[in-house]
Amino acid sequence: MYPYASEFLTIYLCGTVFALLSGGMNSFLIAQGHAGLGVGTVLIGTVLNIILDPILIFSLHLGVAGAAIATVMSQTVSACFAIICLHRMPLVARLHWKKINPGLCRQMIHLGLAPFFHLCLR
């Protein structure tokens, strides 16, 4: 079982950024009052993954690697959809990519490190 899990996780870890972006931007969409688009973001990723899995696993004979690639591709499309929606829609709170406050980022990292290390050391 370990070789399959290792193969899947190795590929999946390359797409973790897209999974995090998709989840974070989806939550931001919902917080802005666009719950329908939040559901749409999740559905796009889910349906695409359901379509791509049999194609990559069986038709292209990629096995577990195909499942991981399908998951990463689906999460990438979902993240792109969420970012496009956030970029084009009128929002109460806008995302400003050019105005990153290093001090605020440092505070966020400090707040997040304690729970992270707590989970890692369990």
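This briefing walks through an aromatic pair, a threonine beside that pair, and a helix crossing. The model is predicted, so please read every value below as computed from that model.

**The aromatic pair**
- The count of aromatic pairs comes to 1.
- In that pair, the ring centres of Phe-8 and Tyr-12 lie 6.0 Å apart and the ring planes are at 15 degrees, so the pair is stacked; the cut-off for stacking is under 30 degrees.
- Phe-8 and Tyr-12 both belong to helix H1 (residues 2-14), and because they sit 4 residues apart there, about one helical turn separates them.
- Phe-8 is partly exposed, with 27% relative accessibility.
- Tyr-12 is also partly exposed, at 23% relative accessibility.

**Thr-71**
- You will find Thr-71 in helix H4.
- With a relative accessible area of 13%, Thr-71 is buried, since the cut-off for that class is under 20%.
- Its side chain makes a polar contact with the side chain of Asn-49, at 3.5 Å.

**Where H2 meets H4**
- Helix H2 (residues 16-31) and helix H4 (residues 63-88) have axes that come within 8 Å and cross at roughly 35 degrees.
- This crossing of H2 and H4 is left-handed.
- On the H2 side, the residues in contact include Phe-18, Leu-21, Met-25 and Phe-28; on the H4 side, they include Gln-75, Ala-79, Ile-83 and Leu-86.
- Sorted by class, the contact between H2 and H4 has 11 nonpolar residues, 4 polar residues and no charged residues.

Conventions. Residues numbered from 1 in each chain as written. Predicted model: local features only at pLDDT ≥ 70, side-chain atom pairs only at ≥ 80, totals over all residues. Heavy atoms only, no water. Phe/Tyr/Trp six-rings, centres within 6.5 Å; stacked < 30°, edge-to-face > 60°. Helix = DSSP H or I, 4+ residues; strand = E, 2+ residues; numbered from the N terminus. Buried < 20%, exposed > 50% of the residue type's maximum accessible area, 1.4 Å probe, protein only. Axes fitted to C-alpha atoms, helices over the stretch in contact; angles between N-to-C directions. Left-handed = near helix turned anticlockwise from the far one by under 90°. Contact = heavy atoms within 4.5 Å. Nonpolar A, V, L, I, M, F, W, Y, C, P; charged D, E, K, R; others polar. Polar contact = N/O pair within 3.5 Å; in protein donor to acceptor, adjacent residues only side chain to side chain.
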